[in-house]
Structures are given as C-alpha cells and as structure tokens.
Amino acid sequence: MARDSERCVRSIRFFPSRVTIARGSPDPHNRRAARIAATAMDIRKIAIVATLTIAWAVPALAAAPAPEMGRYKGHVATLASAEFGGRRGAGAVKAAAYVERELKQLGLQPVFGTSYVQEIPNSNTGGVLGRNIGAKIVGTDPKLRDEWILVGAHFDHLGRAGTTYFPGADDNASGVGMMLEVARCLAQSDVKPRRSILFLGFDLEEDGLWGSRYFVEHSPIALDRVKLFVTADMIGRALGGVCKDFVFAFGAETSPGMKVIIDQASQGQPVNLGLIGNDLLMVDRSDYGPFRRLSIPYLFFSTGENPHYHRPSDRSDTLDYDKALAVTRIIHGIIRRAADSDHLPPWNGKTEPSLDEAIAVRDVMKVLLANREQLEIGPAVTLVLRSTLAKLEGIVIRGMVTPAERSQLVRAARVLMMTVL
Ligand SMILES: [Zn+2]
C-alpha cells in the first residue's frame, strides 16, 4: 500500500449468513400414510428449492474450485522470501516473471498483444522502469464478452535497506496471492464467465501508483467497457494491530447496487466486512486510484495499516492466513457474480450517508478505545473517540445518518487516522 503523509481509516459490518429454504404447503390430510407421503414430498420440494436457491444465489460457484490455503500460502511465502529481494529492482523483475508464469500455466491468454508483459519505460534513460503483468479469460456470452471485470494487485515493494530487506508479505504478497487464487478458481471452473475477466499484477505501486497509472494510460482494452475493478492491498493483518476480526472495502458507495453482490459473496465468511466511503482515506492509497479518477466502479479491500507496515517485520510467518483466505473467497464470489449477472450497477459517484458505515466506524472505534493503552491514545483523542462513539450510538438507535452527521463522522475518523493509526 502506498504511503500517505496523512493517514487512513476503515471499518466494519456484519453479514448474517443464512440460506432461506422455501417450505412446501402443509399436508391437507390427517391419515398417517398420506402425511408421510406428503412429508416425503415436502422434503423433496425443500431439497429442490434449496438447490435452486443455492444455484441462483451462487451462480457457477458450485462448479468452481475454491481458493486453497496451501496454494495461497505458497504464493505469499515465495514472493516474501529473501530470494525476491523485497521485490524491487531485480526482485521486482523476478516477481513479474513469477506472476506471468503462474497466469500462463493456468491457460489464460495474453492481453498486451501476444505478450503477458507491459513494459513501463523509463523516460530518463530510455530503459525499462517496471513491468505490469496481464492475462485474460474471454467471456462466453456474445452480448457481454466485450465488457470487463478487472482483478489487480501490486507485486512490488520497498526492496532492501543495507543488509536487510522488506519482505512485504502483507504489502502486498497477500493481495497477489488473492489475485492468483481467484484466477485459478475461474480458469479451472467448468462454467466459464459470461463477461471477460482481466487479471493484473501491477509494478511500481509504492512509487506513486505508477504501474496502474501507466496501465490506464496505455490500456489494451477499452476502459469504458470496464464494469468493475477490484484490488486488494494488505489483507492479512489487523488495523492498528488490534482490529483482528475486520476487513474493509472502499468504493461500494460509488456504485450503490454493488452492495447486493458484496452481501451475497460475504455470507458465511468468518470475517467482519466494513463498507466504508473512500473519502475517509483522503488520498488514494492503492491501485484503485487511477480507475476511480476515470469513474470506473471499484472495490478496494484492505485490513489496514498495522505495526508491521513498511517494516522488515512484515514477514510471511506472521500473517493471518485464515483471514486473508476468507477475503480471497469473498473477492472470488464478487468477481464470479459480477462476471455473470445480467446487469451491473453503474458509477454513481455520490457518497450517500450509510447506516452500515456508521455501524462499522462505531465498532472499530470501540476496539480502538478498548486498546487505547497499547495504541498510546492520549486523553484528548480519547475524548474525541468517546463523544463520537456516543453520537454514533444515537445514530444507530435512530436508524439513519444525516449528511451533516456523516461529515462529522468523516472528520472524527480522519483525526483518528492522523493521530492513532
Ligand atoms: Zn506499501
């Protein structure tokens, strides 16, 4: 994740997990045999309806492989190993080759003409500054295959400092592992997606999002046909080192209908997903930035800044893999649904006040307050936190947020980010 002179925040929300099963009509007779027969029929009906419900709610997912822990861990450990040198310089070249090889092995097609590599030129030297990697699955529906769903993650990191190196396990081997596992699940699925899907490994994110900026300026596909861009940057730790149950997604507020898909994909996953407005971050913290500026619907997943952020301690042996894999499963579910649904919500751009967001921020603030000694939160910020929390409790009880209240909430969250996180 790119550095920020200011700081960022995020938050939570709970998705109840439930499959609704429609019941058959009650038995009209009292005789035992008829009742048994009717009950058997009911059970069959229930089974059929349940199957149809699941098939509808999880289109094509039943036929698809799921993200696997062993493979995911393997990607993270490899990319975060000393051999990859913190993925800068020669290490970044190696990482680009690794991502290219993995996508190629899945049978995905190149997207930069006949190449999987987009070289980013160094305008000063005339040499090559970095490399984006891209591979595609072409959609099966003649009406939808010209529309695109993009899944990206940056593979570069900070490199070396003297004799030590920055492993970047969370930042962002965790996101690359997600992208590669989602690519595998879709490539190996018996049911191919209706829309086309493009998988991207970005270079030079740590240098002002340079890789993704170069991509949008030299895109091999028509960007006005991109229906959704999804990226993950740092999905294997905990905000502030304390928000262990939470992952955050930014961007849903710019295409509100996307929430339905997110809710479906999150059901049953052992993580609290908080949908937060991008304006709480103040600046673009990862590769969604260049897409956001083009009004392309996007989602940015992150578990947030933590004590290992941009430190040599961001090693692969301290990652929360259960959480990272849960986020990978959620993103896989979102991509699959987005690729197959008849219609996708367009860019809206307005950030409406949202009760989900208020609940998420409230719950994060509670965790931060409960850990204020560890986080060294002083009396002044504690006061701000407590008064904001009281307001948020009122908002949640009332069940709605006014625009003025949201502005206050955004201000308080920013203060928190700048002083605590
Ligand atoms: Zn970073």
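Figure 1. Helices (H or I, at least four residues) and strands (E, at least two) are DSSP runs, numbered from the N terminus. Residues are numbered from 1 along each chain as its sequence is written. The model is a predicted one, in which local features need pLDDT of at least 70 and side-chain atom pairs count only at pLDDT 80 or more, whereas totals for chains, interfaces and linings use all residues.

**Figure 2. Helix α2 (residues 69-79) packs against helix α4 (residues 169-187).** Two packed helices are described by the angle between their axes and the distance between the axes. Here the angle is about 140° and the axes are 8 Å apart; axes are lines fitted to C-alpha atoms, for helices over the stretch in contact, and angles run from 0 to 180 degrees between N-to-C directions. The two helices, α2 and α4, are therefore oblique to each other (angles under 35 degrees count as roughly parallel, over 145 as roughly antiparallel, 65 to 115 as roughly perpendicular and the rest as oblique). Residues Arg-71, Tyr-72, His-75, Val-76 and Leu-79 of α2 meet Ala-169, Ala-173, Ser-174, Val-176, Gly-177, Leu-180 and Glu-181 of α4; two residues are in contact if their C-beta atoms, placed from the backbone, lie within 7 Å. By class, seven nonpolar, three polar and two charged residues form the contact of α2 with α4 (Ala, Val, Leu, Ile, Met, Phe, Trp, Tyr, Cys and Pro count as nonpolar, Asp, Glu, Lys and Arg as charged, and the others, Gly among them, as polar).

**Figure 3. The buried residues of α2 are Tyr-72, His-75, Val-76 and Leu-79.** Seen down the axis of α2, these residues fall within an arc of 95°, so they line one face of the helix; the arc is that of the directions from the helix axis to the C-beta atoms. A residue is buried if 20 or more other C-beta atoms lie within 10 Å of its own, exposed if 12 or fewer, and partly exposed in between, with C-beta atoms placed from the backbone. The cover over the buried residues of α2 includes α3 (90-105), α4 and α8 (321-340).

Figure 4. Leu-204 is found in the loop between β7 (196-202) and α5 (210-217), and its phi is positive, about 60°, although Leu-204 is not a glycine. With 23 C-beta neighbours inside 10 Å, Leu-204 counts as buried. Ser-295 lies in the loop between α7 (289-292) and β11 (298-302); Ser-295 also has a positive phi of about 60° without being a glycine. With 15 other C-beta atoms within 10 Å, Ser-295 is partly exposed.

**Figure 5. Asp-287 is buried, with 33 other C-beta atoms within 10 Å.** Asp-287 lies in the loop between β10 (272-276) and α7. Leaving aside neighbours within four places in sequence, Asp-287 is in contact with Gly-152, His-154, Phe-202, Glu-205, Leu-209, Ser-212 and Thr-231. Gly-208 is 79 residues from Asp-287 in sequence and 9.2 Å from Asp-287 in space, C-alpha to C-alpha.

**Figure 6. The buried residues of α5 are Trp-210, Gly-211, Ser-212, Tyr-214 and Phe-215.** Their cover includes β2 (117-121), β3 (128-137), β4 (148-154), β7 and α7. The protein chain as a whole has eleven helices and eleven strands, and 48% of its 421 residues count as buried.
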